Amino acid sequence: MITLENVSVRYAKGDPWALDDVSVDIQRGEFVFVVGVSGSGKSSLIRLIILERAVTKGRVLVAGNDLSTMPRRHVPRLRRGVGTVFQDFRLLSGKTVYQNVAYVLQVLGTKPHMIKQLVPETLELVGLEGKGKRLPHELSGGEQQRVAIARAMVNKPPILLADEPTGNLDPETSQEIVAILDRINRSGTTVVMATHDTTIVDTFRKRVVQLSDGVIIRDQADGQYVDTQVGEGS
Amino acid sequence: MRLGFLFGEVANGLRRNTAMFVSVVLVTMVSVFFMGGGLLAQQQASLSKGYWYDRVQVTIFLCTPNATEVAACVGGAATQEQRDQIESDLESLSPLVEDYFYESNDEAYDRFREQFRNSPALDTIPQEAIPESFRVQLSDPSKYDVIAGAFQGTPGVDDVVDQRDLVQRLAAFLNVVTFGAVALAVAMLICALLLIGTTIRLTAWSRRRETNIMRMVGASAFTLYVPFIIETVLATLLGSLLALALLYGVVEYGITGYLSDLLAGQSGLVSLIGTSELFFLAPFLVGGAVLLAVITSWFALRRYVRV
């Protein structure tokens, strides 16, 4: 589904590499935690997948499309197939929960009767049924992040990217949010989540790709945040 | 993107950005007004030129009783014999002389009184000071020299005047007006384009949340740009329509209403532009303004709104 082949990224000539010769292959339907400290390259990796930035060297394939040769005009189509969720929610403050989610479909030209069907459905998926008329500032952080997830999922993309989605939330709420992502993953959506939340990673026991200074230092199925094998050895 | 949603977004944008919208409207109005004014002045110039060129080109003024300082007029007022001689000379100059007519002293005086009916000096000018004349129309207006050579110095002829001089002076004046108006229009146009660019930049900034979300969910460049472009088109459309209304006022009340009244005495001598010229120009002015606005906003959007 998502393949990085010897990918290197740097933001300007002479800068250190944000990603350095990274190769990783994520299968359809997988749930992957990308972990590492701040500045380790997690966000860079996420941003490559939606072409928010281009690779300096190497190749990125998403759903069979080579992003380095993809014409600019096809980028919107790529992004329609990838839902994104961020740490800071990025909701429109003047619009209600319902309108925030419907906005995506309106922008994409979905027919009104489809919008009327899809939005409540998606709000139910994230556990926000009955809160459609609230404004973002009337919601808790966890609820706002649920709105953001609903917005990312409302047009049913096959891939969901989450860049530190629990970064602004307390531990309990974080668990709830990742549980929702887990549920979405079980229905077949590929989920890639960047995080440095150890508890989350240890609780959910998914594949872990660990980055350090732009290099993959571990890629382990059912992993924990700290690599126990490395820990035992030292 | 559906139309209802699109216009909702545009209305939202306008509400949040009223000041910028109004400034684009006003700057467009001023630039289109000057552009239109310049083009109308140009039309007036060619209109009066064409009109005069088709009519009287050369006037042969005959001697008045008091014009004795001119050699050909030492005998005082032109005699019947001299008039007959000039007339037959004019006949012999056919086909260069296409047509001519004689204006007697009475007719000339009547026209003079009509022209200067508001002037206090009118009563101090005696009738005999107004010369009788031959008005000559040439088949080739540029061959004034031939006529001047033939009649300058002929007994009974006070002076031969090329009327095109007057026309050319009027045309030169109108050219200056045109140049000034178009230069102002160009300056204002540059202002308008820069303002549109700046407006889009500011609007893009104030709407970066929306555009970012639109980008993230895969809105095409067209979808991202369209609300901005519709807003700019609305502003320029409104501005140029206001400018047309102003120009209409100037033409209808200033030229047709006032100036032609003022020149009523010379009716038939000066022909003025009217609203029909403005109506002819209107679609070009509005279309040009809108087209330029669209092109400018497209470039600004490519620069300030990332897809």
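Predicted model: local features only at pLDDT ≥ 70, side-chain atom pairs only at ≥ 80, totals over all residues.
**Figure 1. Overall build of chain A.** Chain A contains eight helices and ten strands. Its radius of gyration is 18 Å, close to the 17 Å that the globule rule gives for 234 residues, so chain A is as compact as a globular protein of that length. The C-alpha trace of chain A spans about 55 × 40 × 30 Å along its principal axes. Of the 234 residues in the chain, 42% count as buried. Among contacts in chain A with a separation of 6 or more, 67% are made by residues 24 or more positions apart.

**Figure 2. The contact of chain A with chain B.** Chain A puts 15 residues into this contact, and chain B puts in 15 residues. On the side of chain A, the elements that give two or more residues are helix H2 (75-80) and helix H3 (97-107). H2(A) gives the most, with five residues. Sorted by class, the side of chain A that touches chain B has seven nonpolar, three polar and five charged residues.

**Figure 3. The two domains of chain B.** Domain 1 of chain B takes in residues 3-52 + 168-304, and domain 2 takes in residues 57-162. The C-alpha centres of domain 1 and domain 2 of chain B lie 49 Å apart.

Figure 4. In soluble globular proteins, nonpolar side chains tend to be buried together. The largest nonpolar core in this model has 113 residues, and the members that touch the most others are A:Val34 and A:Val101. Helix H2 (residues 18-54) of chain B gives the most to this core, with 14 residues. Leaving aside residues up to four places away in sequence, A:Val101 touches A:Val119, A:Thr122, A:Leu123, A:Val147, A:Ala150, A:Arg151 and A:Val154. There is also a second, separate core of 18 residues, and B:Val58, B:Ile60, B:Phe61 and B:Cys73 are among its members.

**Figure 5. Helix H5 of chain A.** This helix covers residues 141-153, and at 1.5 Å a residue its 13 residues should span 18 Å; the end C-alpha atoms are 18 Å apart, which agrees. How many of the 13 residues of H5(A) are buried? The count is eleven, and H5(A) is mostly covered. Among the buried residues are A:Val147, A:Ala148, A:Ile149 and A:Ala150, but also A:Glu143, A:Arg146 and A:Arg151. The elements of chain A that cover the buried residues of H5 include strand S6 (82-86), H3, helix H4 (112-125), strand S7 (159-163) and helix H6 (171-186).

Figure 6. Most residues other than glycine have a negative phi. A:Lys156 has a phi near 50°, a positive value in a residue other than glycine. A:Lys156 sits in the loop between H5 and S7 of chain A. With 13 other C-beta atoms within 10 Å, A:Lys156 is partly exposed. A:Glu164 is not a glycine, yet its phi is positive, at about 50°. The place of A:Glu164 is the loop between S7 and H6 of chain A. A:Glu164 counts as partly exposed, because it has 19 C-beta neighbours inside 10 Å, and a residue is buried if 20 or more lie within that distance.

Figure 7. A:Met1 belongs to the segment before strand S1 (2-9) of chain A. This residue counts as partly exposed, with 17 C-beta neighbours inside 10 Å. A:Met1 and A:Val32 are 31 residues apart along the chain, and their C-alpha atoms are separated by 12 Å. Not counting residues up to four places away in sequence, A:Met1 touches A:Ile26, A:Gln27, A:Arg28, A:Ala63, A:Ile159 and A:Thr190.

Figure 8. B:Thr223 lies in helix H8 (residues 221-262) of chain B. B:Thr223 is partly exposed, with 18 other C-beta atoms within 10 Å. From B:Thr223 to B:Thr211 is twelve residues in sequence and 9.8 Å in space, C-alpha to C-alpha. B:Gln80 is in helix H3 (residues 80-92) of chain B. Is B:Gln80 buried or exposed? B:Gln80 is exposed, because 8 other C-beta atoms lie within 10 Å, and a residue counts as exposed at 12 or fewer. B:Gln80 and B:Tyr304 are 224 residues apart along the chain, and 83 Å separates their C-alpha atoms.

Notes. Residues numbered from 1 in each chain as written. Chains lettered and ligands numbered in written order. Helix = DSSP H or I, 4+ residues; strand = E, 2+ residues; numbered from the N terminus. Rg over C-alpha atoms; globule rule 2.2 N^0.38 Å. Contact = placed C-beta atoms within 7 Å. Nonpolar A, V, L, I, M, F, W, Y, C, P; charged D, E, K, R; others polar. Domains from an automatic or database assignment. Core = buried A, V, L, I, M, F, W, Y, C linked by C-beta atoms within 7 Å. Expected span 1.5 Å × (residues − 1).
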